[in-house]
Amino acid sequence: MANKSGMSEISGGVSSSAVPVAPAAPSAGAARRLVRRLPVAGGIAAGSVLLLAGPAFAHVTVQPGTAPKGGYATVNIKVPNERDDASTVKVEVSLPTDHPLASVMPQPVPGWKVDVTKSKLAKPLEMEGEKINEAPSKITWTADGKGIEPGQFQQFPLSVGKLPSDTDQLVFKALQTYDNKEVVRWIEPAKEGGPEPESPAPVLKLVSADGKNGAKDGSTDAAAATSDTTARVLAVGGIVVGIVGVAVGVLAGRRRNA
């Protein structure tokens with residue numbers, strides 16, 4: 001009896017520890033609820049891509065981003081409205097003082113008044129054989145109408161020159177004022193190899209007259225932007241595929257148990 005009892009206890013112990021217990025399969029209702037949630041999850045993932053990609057296009061910028069050294073160029077100060085409940089009514093752009101521009105002419109923009117402020121130069125410039133003792137230092141556009149409303153942007157064209165030959169870029173710090181008195185200061189310098197500032201200053205890159213450097217820089221920037229966006233899309237796509245895989249596995253398991 002003792003042996004039989006002992007054998008019974010051992011047998012019972014082996015049986016309880018060696019035989020795996022299958023997890024309970026989810027109910028059909030749970031599987032259906034998971035499948036119904038897939039479109040919602042996909043929508044959230046797609047929205048995440050837009051949120052990640054959107055801010056890169058919401059800055060005040062100089063367009064186009066490059067111009068030839070030693071020449072003249074027409075550029076646009078592109079100002080998007082980043083607010084849903086306010087309009088941009090004033091834009092102030094400070095021109096570089098370390099490399100002053102002797103000639104800056106704004107193109108009239110309907111609905112906006114423009115004012116050009118000039119300052120005396122510490123070191124006179126020579127332009128076409130003449131010495132220039134003052135140069136434009138700031139341009140201010142003030143709306144005389146609705147301004148830049150939510151969901152819109154405005155471009156302010158400038159003819160600038162003569163562009164310097166001894167630097168690779170010009171920084172145009174900008175202030176954006178909304179009708180609710182909020183002021184956004186686009187004045188933060190970008191550091192090479194570092195993360196983009198929250199409110200970067202608009203930059204005009206200067207390239208050699210043949211444009212080779214400009215084409216190289218432009219293609220590099222475009223490739224980097226494309227690669228970054230693609231990586232984000234693939235990452236979110238992987239999440240969606242994972243959710244679909246879980247749903248398929250649940251349904252397949254339910255069919256096998258049935």
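Me: How many aromatic pairs does a search of the whole structure find?
Reply: The structure is a predicted model, in which local features need pLDDT of at least 70 and side-chain atom pairs count only at pLDDT 80 or more, while totals for chains, interfaces and linings use all residues. Residues are numbered from 1 along each chain as its sequence is written, and side-chain values use heavy atoms, with hydrogens and water left out. Rings of Phe, Tyr and Trp (its six-membered ring) pair if their centres lie within 6.5 Å; planes under 30 degrees apart count as stacked, over 60 as edge-to-face and the rest as tilted. By a search of the whole structure, the number of aromatic pairs is two.

Me: What kind of aromatic pair do tryptophan 112 and phenylalanine 156 form?
Reply: The ring centres of tryptophan 112 and phenylalanine 156 lie 5.0 Å apart. With 85° between the planes, the pair is edge-to-face.

Me: How many residues apart in sequence are the parts that this pair ties together?
Reply: Strands (E, at least two residues) and helices (H or I, at least four) are DSSP runs, numbered from the N terminus. Tryptophan 112 belongs to strand S6 (residues 112-127) and phenylalanine 156 to strand S8 (residues 153-161), so the parts tied together are separated in sequence by 44 residues.

Me: Are tryptophan 112 and phenylalanine 156 buried or exposed?
Reply: Buried means under 20% relative accessible area, exposed over 50%, and partly exposed in between (1.4 Å probe, protein chains only). On this scale, tryptophan 112 and phenylalanine 156 are both buried.

Me: Which strand holds tryptophan 141, the partner of phenylalanine 156 in a tilted pair?
Reply: Tryptophan 141 and phenylalanine 156 have ring centres 4.8 Å apart and 35° between the planes, a tilted pair. Phenylalanine 156 is in strand S8, so the pair ties together parts 15 residues apart in sequence, and the strand of tryptophan 141 is S7 (residues 130-143).

Me: Which residues do ring pairs link into a cluster?
Reply: Both tryptophan 141 and phenylalanine 156 are buried. The cluster linked by ring pairs consists of Trp112, Trp141 and Phe156.

Me: What is the mean pLDDT of the protein?
Reply: pLDDT is the predictor's confidence in each residue, from 0 to 100. In this protein 59% of the residues reach 70 or more, and the mean is 75.

Me: How many contacts beyond near neighbours in sequence does the stretch of residues 1-18 have?
Reply: Over residues 1-18 the pLDDT is below 50. Where pLDDT is low, the predicted coordinates should not be read in detail. Counting a contact as heavy atoms within 4.5 Å, the number for residues 1-18 beyond near neighbours in sequence is one.
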